[in-house]
Amino acid sequence: MGLQGDHYGMALTVDDLDIENSAFFAYCADGEFRLQKCTENGLFRYPPTTRCPFSGSPDYDWVAVEPKGAVYSYNEVHHAIQPAFQGRTPYMLLLVELDAQRGQPTEHDGLRVAGNLVTADGELAPPEMVRQVGIGSRMRMVFRKVGDGFALPMWTLDETAEQPDKPWRYPQE
């Protein structure tokens, strides 16, 4: 049966055979952000996989990670291709670099997690919030329940963190 959910009218499924993703999304449904941590080198990895991309080891533990970081990159969508997102533009997809493993295993690597920009209650952010966010904005994770035992990680502005005066944004037309 796997995990099944609905995200703004789009059907989502994680197959039973996808053990790593099933576990990840189940933790999210419990309000926990847990990542696989390689028992050989101690590095976290995302997305969940069967082997560590750095050591090749299949051995790992699920470890709670503080879900906070800074926007590393973003995509601001003005023309929604998916029917479920039409009428919800503009919206943002963020790539947030977590504080937990910045610059590891090399200075060019980091632990980065994608998710939509949302309000604190998990709804897609309104246009005025979209205009505030850019590279360097400080974010915290929230979870949007999409099904029984199934939640998606999303990002909202971290109201407890100092925000950049003017986060970098792509030039607007």
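## Reading a predicted fold

Student: What makes the size of this protein chain agree with a compact globule?
Tutor: In this predicted model, the rule for a compact globule of 173 residues gives a radius of gyration near 16 Å, and the protein chain has 17 Å, which agrees. Along its principal axes, the C-alpha trace spans about 45 × 40 × 25 Å.

Student: How many helices and strands are there, and in what order do they run?
Tutor: The protein chain has 2 helices and 10 strands. Read from the N terminus, the order is β-β-α-β-β-β-β-β-β-α-β-β.

Student: What share of the contacts joins residues 24 or more positions apart?
Tutor: Among contacts with a separation of 6 or more, 54% are between residues 24 or more positions apart. A contact here means heavy atoms within 4.5 Å.

Student: And what about burial and surface?
Tutor: Buried residues make up 43% of the 173. The protein chain exposes about 9,400 Å², with carbon and sulfur atoms supplying 50% of that area.

Student: Why is Tyr8 called buried?
Tutor: The cut-off for buried is under 20% relative accessible area. Tyr8 has 10% relative accessibility, so Tyr8 counts as buried. Tyr8 sits in the loop between β1 (3-7) and β2.

Student: What makes the backbone of Tyr8 worth a look?
Tutor: Its phi is positive, about 50 degrees, although Tyr8 is not a glycine. For background, most residues other than glycine have a negative phi. Another positive phi, near 75 degrees, belongs to Gly31, which follows α1.

Student: Which residues of α1 are buried, and what covers them?
Tutor: The buried residues of α1 are Glu20, Asn21, Ser22, Phe24, Phe25 and Cys28. Their cover includes β1, β2, β3 (34-38), β5, β9 (138-147) and β10. In general, an α-helix has 3.6 residues a turn, so residues three or four places apart point the same way.

Student: How do you know that the bond from Tyr46 to Pro47 is cis?
Tutor: Look at omega: for the peptide bond from Tyr46 to Pro47 it is near 0 degrees, and the bond is cis. Pro47 is placed in the loop between β4 (44-45) and β5 (60-64).

Student: Where else is there a cis peptide bond?
Tutor: Gln104 and Pro105 are joined by one, with omega about 5 degrees. Pro105 is in the loop between β7 and β8. As a rule, most peptide bonds are trans.

Student: Now the pockets. What is the volume of the largest pocket, and which residues lie nearest its centre?
Tutor: The largest pocket holds about 320 Å³ of space. Its lining has 17 residues, with His7, Leu93, Gly115, Asn116 and Met154 nearest the centre. The elements giving two or more residues to this lining are β2 (10-14), α1 (19-29), β6 (68-77), β7 (91-98), β8 (112-116) and β10 (150-157).

Student: What makes up that lining by class?
Tutor: The largest pocket is lined by 13 nonpolar, 4 polar and no charged residues. Gly counts as polar in this scheme.

Student: And what can you say of the second largest pocket?
Tutor: The second largest pocket has a volume of about 160 Å³. It is lined by 15 residues, and those closest to its centre are Arg45, Tyr46, Phe54, Gly110 and Leu111. By class, its lining has 7 nonpolar, 5 polar and 3 charged residues.

Notes. Residues numbered from 1 in each chain as written. Predicted model: local features only at pLDDT ≥ 70, side-chain atom pairs only at ≥ 80, totals over all residues. Heavy atoms only, no water. 1 Å grid on protein atoms, 1.4 Å probe; cavity = no way out; pocket = protein on both sides within 12 Å on 5 of 7 lines; lining within 4 Å. Points joined across faces, edges and corners; volume = space filled by probe spheres on them. Helix = DSSP H or I, 4+ residues; strand = E, 2+ residues; numbered from the N terminus. Rg over C-alpha atoms; globule rule 2.2 N^0.38 Å. Buried < 20%, exposed > 50% of the residue type's maximum accessible area, 1.4 Å probe, protein only. Areas by Shrake-Rupley, 256 points an atom, 1.4 Å probe, with all protein chains shown as cover.
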